[in-house]
Amino acid sequence: MFSPVASCSYTAARPQAAQFSARRCGRPAARQRVVVRAATVVPSEYKRVAPVGDRVLVKVDVSEAKSTGGILLPSSAQKKPTQGEITSVGSAKAVKSGEKVVYSKYAGTELKMADTEYVLLKEDDVIGILTSDNIADLKPLGDRILLEAEEATDRSEGGVILTAASKERPTLGTVVAVGSGREDDDGKIIKPNVEAGAKVLYSRYAGTEFTGPDDRAFVVVRESDILATVA
C-alpha cells in the first residue's frame, strides 16, 4: 500500500526553546495552545447523508495504528488518511459510488456516523481514482497530472552530505498519467498539453506527494503547475 503524504507543511514552535527563552527573560513560559479538528457527529437517529451539488461522501480508510517498526502510535502521531471509498454522490460527474479515491488533505467536512469516519468533499477535492494499491496506477481527475519525481540529490554542490530534511526538493518529473482536462465556462473539456512519458519541470512545493513501491516518489499537480517540458 502506498503512503500518502500531503504537500502542505507548517513550522511548529519548540516548547522547550520557548520556555528556556522565557526563563532567561524572567517571564513565565506561555502555555501552547493545540487546535484539534474534530469531526461533526451525526445524531444516531439519522442513518443517511445525501451530498448536495457536486459533493461526494467518502468513507475514510482507517489510520495505521503502528509505526513501521511496530511501535504503537498515539492518535496525534498517526498519519491522517487521505483515501477512502465513495459511498454516495450528489451531481458529481467524474466519480461514482463504490470507487476508491484519494483526496486533498484537510479538505472537506469530517463526519462521524455510527462510529464510522466519513468526509464530505467537493468533487474538485478528489485527486484521483485508485484502481490498485499502487499509486502509479492512479487515475488523476480533471486537469491533474501524476508525475514520478526525480530523486533528490543527497549531496550539495560542495560535496556535503545532506540530511533528508535539507535535501533539495525535486522539481523534475516524468508524466505517468493525465486527467481528462479542465472544463471551461462553456462546459467544454480542455485536454492537458502534456502526455504520459514526457519529462517536465513543475513548480516547487506544488501538488500532493505520495510514496509508492520501492520508495518511489510521486506527485500529483495541476496542469497550471507544469512550467515546461524538457528533452
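## Overview

Helices and strands are DSSP runs, of at least four residues (H or I) for a helix and at least two (E) for a strand, and they are numbered from the N terminus. Asp214, for instance, is found in the loop between β15 (208-211) and β16 (217-222).

The model is predicted. The protein contains one helix and 17 strands. Of its 231 residues, 31% are buried. Among contacts with a separation of 6 or more, 61% are between residues 24 or more positions apart. The protein exposes about 15200 Å², and carbon and sulfur atoms supply 50% of this area.

## Pairing around β3

Strand β3 (residues 55-60) has pairings with β7 and β4. With strand β7 (residues 116-122), β3 pairs in the antiparallel sense over five bridges, and Leu57 stands opposite Leu120 in β7. Strand β4 (residues 83-89) also runs antiparallel to β3, to which five bridges join it. In this pairing Val56 stands opposite Val89 of β4.

## Pairing around β8

Strand β8 (residues 126-130) is mostly covered, with five of its five residues buried. Strand β5 (residues 100-103) is joined to β8 by four bridges in an antiparallel arrangement, and Lys100 stands opposite Leu130 in β8. β8 is also paired with strand β9 (residues 139-140), in the antiparallel sense and over two bridges. Here Ile129 stands opposite Lys139 in β9.

## The largest nonpolar core

In soluble globular proteins, nonpolar side chains tend to be buried together. The largest nonpolar core in this model has 14 residues, and those that touch the most other members are Val56, Val58, Val95, Leu121 and Val126. At least two residues of this core come from each of β3, β5, β7 and β8. β3 supplies the largest share, three residues.

Not counting residues up to four places away in sequence, Val126 touches Val56, Val95, Val101, Val102, Tyr103, Leu121, Leu141 and Arg144.

## Salt bridges

The whole structure has six salt bridges. One of them joins Asp61 to Lys100, with the closest N and O atoms 3.5 Å apart. This pair links distant parts of the chain: Asp61 is in the loop between β3 and β4, Lys100 is in strand β5, and the two are 39 residues apart. Lys100 has a relative accessible area of 36%, so it counts as partly exposed.

Asp143 and Arg222 form another salt bridge, the closest N and O atoms being 2.8 Å apart. They too link distant parts of the chain, since Asp143 is in the loop between β9 and β10 (144-149) and Arg222 is in strand β16, 79 residues apart. Asp143 counts as buried because its relative accessible area is 12%, whereas Arg222, at 25%, is partly exposed. Together with Asp124, Asp143 and Arg222 are linked in a network of salt bridges.

Arg216 and Glu148 meet through their side chains in a salt bridge of 3.1 Å, N to O. Arg216 lies in the loop between β15 and β16 and Glu148 in strand β10, so this pair ties together parts that are 68 residues apart in sequence. Arg216 is partly exposed, at 30% relative accessible area. Glu148 is also partly exposed, at 25%.

## Positive phi angles

Most residues other than glycine have a negative phi. Asp115 has a positive phi, near 65 degrees, and is not a glycine. The residue is placed in the loop between β6 (109-113) and β7. Its relative accessible area is 72%, and Asp115 is therefore exposed.

Asp214 is another such residue, with a positive phi of about 60 degrees although it is not a glycine. Its place is in the loop between β15 and β16. With a relative accessibility of 74%, Asp214 counts as exposed.

## A nonpolar surface patch

Leu201, Leu227 and Val230 form a nonpolar patch on the surface, and their accessible area together is about 240 Å². Val230 belongs to strand β17 (residues 226-230). Val230 counts as partly exposed because its relative accessibility is 34%.

How values were computed: Residues are numbered from 1 along each chain as its sequence is written. This is a predicted model: local features need pLDDT of at least 70, side-chain atom pairs count only at pLDDT 80 or more; totals for chains, interfaces and linings use all residues. Side-chain values use heavy atoms; hydrogens and water are left out. Two strands pair if DSSP finds at least two bridges between them. Buried means under 20% relative accessible area, exposed over 50%, partly exposed in between (1.4 Å probe, protein chains only). Patches are made of residues with over 30% relative accessible area and no salt bridge: like charges are joined within 9 Å, nonpolar side chains (Val, Leu, Ile, Met, Phe, Trp, Tyr) within 5 Å. Accessible areas come from the Shrake-Rupley method with a 1.4 Å probe; for residues, only the protein chains shown count as cover. A salt bridge is a side-chain nitrogen of Lys or Arg within 4 Å of a carboxyl oxygen of Asp or Glu. Contact means heavy atoms within 4.5 Å. A nonpolar core is a set of buried Ala, Val, Leu, Ile, Met, Phe, Trp, Tyr and Cys residues joined through side-chain atoms within 4.5 Å.
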